[in-house]
Amino acid sequence: MELTWVSIIILICSGIVVGFINTLAGGGTVVSLSVFMFLGLPPLVANGTNRIGIIFQNVTAVAYFQKNKLIDWQKVIRFAIPIVLGSITGATIAGFLSNELFQYIFAGVVILFGISMIFNPDRYIHERTDLVNRKTSTLQYLLYFFIGIYGGFVHVGIGYLFLAVLVLSNGYDLLKANVLKNVFVLFYVPFSLLIYAWQGNVYWSFGLIHAIGNVIGASLAARLAVKKGAPFIRYVVLALVGIVILQLLGVITPNNPTF
């Protein structure tokens with residue numbers, strides 16, 4: 001696969017869109033994987049290559065959120081351990097097992113998540129201190145472990161899974177949940193990238209060029225998130241959830257390389 005000026009422009013533009021969407025919500029990976037496959041990468045290589053840009057976009061977002069003192073590092077470290085362990089497990093089995101089960105889990109979570117945002121919006125805008133300060137349960141650790149498996153295996157739409165657990169189980173408002181989501185992704189993706197690279201499923205030139213756009217998109221999204229707050233993020237997430245539901249119903253049929 002040869003790099004041309006056309007492919008470089010496509011990769012950077014795609015990266016801007018993906019970095020913006022992923023930083024504010026999730027689901028942008030569908031765009032990047034489709035672009036990588038359009039440019040000639042096999043599905044598994046596209047899935048591995050995509051993680052390069054994800055690392056860069058989350059470094060950018062996390063650095064901005066840290067500058068604004070929005071990161072609860074105590075919670076991050078506590079939950080990052082099961083997430084990383086899960087991602088290593090998921091990336092290891094990615095080349096061997098079908099992810100049909102994950103498809104159904106993801107579909108169910110996204111639909112329920114979208115419904116709850118419409119009919120009970122306050123929980124996404126106002127933090128619930130009783131849940132935030134509550135002792136971490138075994139169930140929460142298990143939830144993060146299985147989300148980590150999904151991330152290492154597929155990654156598409158993982159932002160919605162993190163946001164759902166962080167808001168509904170941990171009690172964070174949507175702004176803080178979005179901040180923690182970006183930190184969690186930054187923690188686990190390098191481990192899964194190493195495994196994909198070890199398996200020979202990373203095309204570095206495409207990934208690094210794509211990452212230029214990812215950084216631009218993530219920088220814009222992080223600034224908007226801090227400036228506009230939880231209500232703005234809720235509207236963005238609702239719009240993207242609507243697109244995901246249309247995809248699940250077959251109304252929109254993008255090239256989906258993960259199934």
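**Figure 1. Confidence along the predicted chain.** The chain has a mean pLDDT of 81, with 76% of its residues at 70 or more; pLDDT is the predictor's confidence in each residue, from 0 to 100. This is a predicted model in which local features need pLDDT of at least 70 and side-chain atom pairs count only at pLDDT 80 or more, while totals for chains, interfaces and linings use all residues. Residues are numbered from 1 along each chain as its sequence is written, and side-chain values use heavy atoms, with hydrogens and water left out. Where pLDDT is low, the predicted coordinates should not be read in detail. Helices (H or I, at least four residues) and strands (E, at least two) are DSSP runs, numbered from the N terminus.

Figure 2. Rings of Phe, Tyr and Trp (its six-membered ring) pair if their centres lie within 6.5 Å; planes under 30 degrees apart count as stacked, over 60 as edge-to-face and the rest as tilted. Eight aromatic pairs are counted by this rule. The Phe79 and Tyr141 pair is tilted, because the ring centres are 6.1 Å apart and the planes are at 55°. Phe79 in helix α4 (residues 73-93) and Tyr141 in helix α8 (residues 138-153) are 62 residues apart, so the pair links distant parts of the chain. Phe79 is buried at 1% relative accessibility, whereas Tyr141 is partly exposed at 31%; buried means under 20% relative accessible area, exposed over 50%, and partly exposed in between (1.4 Å probe, protein chains only). The rings of Phe145 and Phe146 have centres 5.6 Å apart and planes at 70°, so this pair is edge-to-face. Phe145 is partly exposed, with a relative accessible area of 24%. One aromatic cluster is formed by Phe79, Tyr141, Tyr144, Phe162 and Phe184.

**Figure 3. Helix α9.** Helix α9 (residues 158-168) is mostly covered, with 10 of its 11 residues buried. Among the buried residues are Ile158, Tyr160, Phe162 and Val167. Phe162 also belongs to the aromatic cluster.

Figure 4. Asn50 lies in helix α3 and is buried at 1% relative accessibility. Leaving aside neighbours within four places in sequence, Asn50 contacts Thr29, Ser32, Leu33, Phe36 and His155. Asn50 and Tyr203 are 153 residues apart in sequence, and their C-alpha atoms are 9.0 Å apart in space. Asn182, in helix α10 (residues 174-198), is buried with a relative accessible area of 1%. Not counting residues up to four places away in sequence, Asn182 touches Asn22, Thr23, Asn58, Ala61, Val62 and Phe65.

**Figure 5. Lys69 in a loop.** Lys69 sits in the loop between α3 (43-67) and α4. Its phi is near 55°, a positive value in a residue other than glycine. Most residues other than glycine have a negative phi. Lys69 is exposed, at 73% relative accessibility.

Definitions and conventions:
Contact = heavy atoms within 4.5 Å.
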